[in-house]
Amino acid sequence: MNYFRWLVKWIIEPVFNVGFHLLWYYSPYTWQFNTFLGYKVKQLPFDLHLYQELIFRLKPNFILQTGVADGGSIMYFASILDLMKMPSDVLVVGVDIQLSDNSKKIDNPRVRLFEGDSTDDNLVAEIRKILPSGGGMVILDSDHSKQHVLKEMHIYKNFVASDSYMIVEDTNVNGHPVKPFFGPGPYEAVKDFMKGNTAFLQDDNLWRRNKISFHQRGWLRKIN
Ligand SMILES: C[S@@+](CC[C@H](N)C(=O)[O-])C[C@H]1O[C@@H](n2cnc3c(N)ncnc32)[C@H](O)[C@@H]1O
C-alpha cells in the first residue's frame, strides 16, 4: 500500500467518519426531526435503507421492535412489507413501556403494539403467543442502559430466525462516538453478549459500506 492510500485508510477516513457522525448527531433538525408518513422516526436514513434491504432479502415471518416512541419505524417496516405484498399475517410488533398517543393512531392491519417493560416475563409470553415459532427479525431500541439491553438480547435472541438479524440500536452512545458520558450502553452490551457466543456474528460488512451507522457493530446475524 502506498503512503497516500495508507493515509486515507487509517487517518483521513476515520477522522472524517467520526466528524460526520458527530456533526449529524448533534446538529439541530437532523435525526430528531425525521418523519416517515408523518410519524417521527428517530433513525439515520442510511440505517433505514439497510433495514429495507434486509427486509426485502430475508422476507421475515415477523419484525419485532422494542422501543416504539412515535411509531415511525413501525410504520416504515409495515409499509415495506405492504409494498412487498407480504401476507397480512406477517406482523410488525412493537413494545414500549408507554405507548405514545401518535403510535396508538397507527392504522395498519399488520401492526400490533404492546405496552409494558420489554423484559417483563408476562409481556414477553403475551408477545410470544401471537408470533410464529420459526422466528423473525428483532430490533432493540428501548432503554439503552447496558443492563437492560443485555437482558433484552438474552430474551429476544430466541425470537430470531436462523440467518436473520437481531439489531441492537444506538451502539454509538457512550463515546462511540457520541454522548461520551452516557455510561455503559448498547455497545458494551453487545460486547458482553458476543463473548463466547457462537449463535450470532457481527455483520460489519453490512453497514460499513455506508461508512456510518448509529448501530455500528450492532447488526447481529444469527448463524445457527
Ligand atoms: C429511542 S426511542 C425509540 C425510537 C423508535 N424505535 C424509532 O425508531 O423512532 C426509545 C423508546 O423506548 C421506550 N422504552 C424505554 N424503556 C423501555 C422499557 N423498559 N421497555 C420498553 N420500552 C421502553 C421509551 O418509552 C421510548 O419510546
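View 1. Asp170 counts as buried at 14% relative accessibility, where buried means under 20% relative accessible area, exposed over 50% and partly exposed in between (1.4 Å probe, protein chains only). This residue lies in the loop between strand 7 and helix 7; helices (H or I, at least four residues) and strands (E, at least two) are DSSP runs, numbered from the N terminus. Asp170 is not a glycine, yet its phi is positive, about 60°. The model is predicted: local features need pLDDT of at least 70, side-chain atom pairs count only at pLDDT 80 or more, and totals for chains, interfaces and linings use all residues. Residues are numbered from 1 along each chain as its sequence is written, and side-chain values use heavy atoms, with hydrogens and water left out.

**View 2. Leu37 in the loop between strand 1 and strand 2.** Strand 1 covers 35-36 and strand 2 covers 39-40, with Leu37 in the loop between them. Is Leu37 buried or exposed? Leu37 is exposed, with a relative accessible area of 58%. Its phi is positive, about 50°, although Leu37 is not a glycine.

View 3. Seven strands form an open sheet in the order 5-4-3-6-7-9-8, with mixed pairing; two strands pair if DSSP finds at least two bridges between them. Strand 5 (111-115) and strand 8 (200-202) stand at the edges with a single partner strand each, so one side of each has no neighbour in the sheet. From one strand to the next, the twist averages 15°. Helix 2 (residues 45-58) packs on the sheet and touches strand 3 (62-66), strand 6, strand 7 and strand 9. The direction of helix 2 makes about 170° with that of strand 7; axes are lines fitted to C-alpha atoms, for helices over the stretch in contact, and angles run from 0 to 180 degrees between N-to-C directions.

**View 4. Strand 7 and its two partners.** Strands of a sheet pair through backbone hydrogen bonds, either parallel or antiparallel. Strand 6 (residues 137-140) pairs with strand 7 in the parallel sense over three bridges, and Val138 has Met166 as its bridge partner. Strand 9 (residues 219-222) pairs with strand 7 in the antiparallel sense, also over three bridges; here the bridge partner of Tyr165 is Arg221. Both faces of strand 7 (residues 165-168) are covered, with Tyr165 and Ile167 buried on one side and Met166 and Val168 buried on the other.

**View 5. Helix 6 against helix 7.** The axes of helix 6 and helix 7 (residues 186-194) come within 8 Å and cross at roughly 45°. The two helices are therefore oblique to each other, given that angles under 35 degrees count as roughly parallel, over 145 as roughly antiparallel, 65 to 115 as roughly perpendicular and the rest as oblique. Residues of helix 6 that meet helix 7 include Val149, Leu150 and Met153, and among their counterparts in helix 7 are Ala189, Val190 and Phe193; contact means heavy atoms within 4.5 Å.

**View 6. The surroundings of His21.** His21 lies in helix 1 (residues 3-26) and is buried, with a relative accessible area of 2%. The C-alpha atoms of His21 and Ile212 are separated by 7.1 Å, although the two residues are 191 residues apart along the chain. Leaving aside neighbours within four places in sequence, the contacts of His21 include Asn172, Pro177, Phe214 and Gln216. Pro177 lies in the loop between strand 7 and helix 7, and the peptide bond from His176 to Pro177 is cis, with omega near 10°.
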